[in-house]
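Thanks, everyone, for making the time this morning. I would like to take you through one model, and I will ask you to keep the structure open while I talk.

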Amino acid sequence: MGLSVILTDFNGEVIDRFDDSKNILHKLLPASSETSDAALAKIDWYGDTYFNYLQMTRFLEEWDQLERRSESSEEKAVVTGVRELAVRCHKDRGLLRFIGD
């Protein structure tokens with residue numbers, strides 16, 4: 001099972017979600033590293049990771065790099081799905097939640 005990405009408002013109401021059922025993000029996202037400053041390297045595969053709308057500018061910059069590395073149509077579909085949620089998070093001042101296994 002891969003990550004689920006959920007867009008919520010600040011009251012915790014689910015607005016939309018994207019499920020990476022084939023675990024594609026696991027091979028695309030950078031490895032977790034305590035010394036890395038990359039926001040994407042902080043996504044917890046086994047717990048929950050939250051990003052708020054103030055973090056979305058940096059998140060989207062890193063996500064653009066990830067998008068350029070995507071090769072297959074499946075990879076592109078997953079990256080695009082999460083990107084759409086991130087853009088909405090930024091615009092609507094929401095929370096983007098990554099839920100691990």
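A word on the source before the details. What you see is a predicted model, in which local features need pLDDT of at least 70 and side-chain atom pairs count only at pLDDT 80 or more, while totals for chains, interfaces and linings use all residues. Residues are numbered from 1 along each chain as its sequence is written, and side-chain values use heavy atoms, with hydrogens and water left out.

Let me begin with the strands. Helices (H or I, at least four residues) and strands (E, at least two) are DSSP runs, numbered from the N terminus, and two strands are taken to pair if DSSP finds at least two bridges between them. Strand S1, residues 4-8, runs antiparallel to strand S4, residues 95-99, and five bridges join them; within that pairing, threonine 8 has leucine 95 of S4 as its bridge partner. S4 also pairs with strand S3, residues 48-52, again in the antiparallel sense and over five bridges, and here tyrosine 50 is partnered by arginine 97 of S4. S1, for its part, pairs over five bridges with strand S2, residues 14-19, in the antiparallel sense, and serine 4 stands opposite aspartate 19 in S2. The hairpin of S1 and S2 has five residues between the strands, and in it glycine 12 takes a positive phi near 90°.

Now to the rings. A pair of aromatic rings is described by the distance of the centres and the angle of the planes. The convention here is that rings of Phe, Tyr and Trp (its six-membered ring) pair if their centres lie within 6.5 Å, with planes under 30 degrees apart counted as stacked, over 60 as edge-to-face and the rest as tilted. A search of the whole structure finds five such aromatic pairs. In one of them, phenylalanine 51 and phenylalanine 98 have ring centres 5.8 Å apart and planes at 85°, so the pair is edge-to-face. Because phenylalanine 51 lies in strand S3 and phenylalanine 98 in strand S4, this pair ties together parts that are 47 residues apart in sequence.

Taken together, Phe51, Phe59, Trp63 and Phe98 form one aromatic cluster.

Next, the loop residue. Arginine 93 lies in the loop between helix H3, residues 73-92, and S4, and arginine 93 is exposed, with a relative accessible area of 54%. If we leave aside neighbours within four places in sequence, arginine 93 is in contact (heavy atoms within 4.5 Å) with Phe10, Tyr53 and Arg88.

That leaves the charged pairs. Side chains of opposite charge can pair when their charged atoms come close, and a salt bridge here is a side-chain nitrogen of Lys or Arg within 4 Å of a carboxyl oxygen of Asp or Glu. The structure holds nine salt bridges. One of them joins arginine 17 to aspartate 19, with the closest N and O atoms 2.9 Å apart; arginine 17 is partly exposed at 42%, and aspartate 19 is partly exposed at 37%.

Another salt bridge joins lysine 27 and glutamate 75, whose closest N and O atoms are 3.3 Å apart. This pair links distant parts of the chain, with lysine 27 in helix H1, residues 25-28, and glutamate 75 in helix H3, 48 residues apart. Lysine 27 is exposed at 60%, whereas glutamate 75, at 8%, counts as buried.

Finally, aspartate 64 forms a salt bridge with arginine 83, the closest N and O atoms being 2.3 Å apart, and Asp64, Glu67 and Arg83 are linked in a network of salt bridges.

How values were computed:
Buried < 20%, exposed > 50% of the residue type's maximum accessible area, 1.4 Å probe, protein only.
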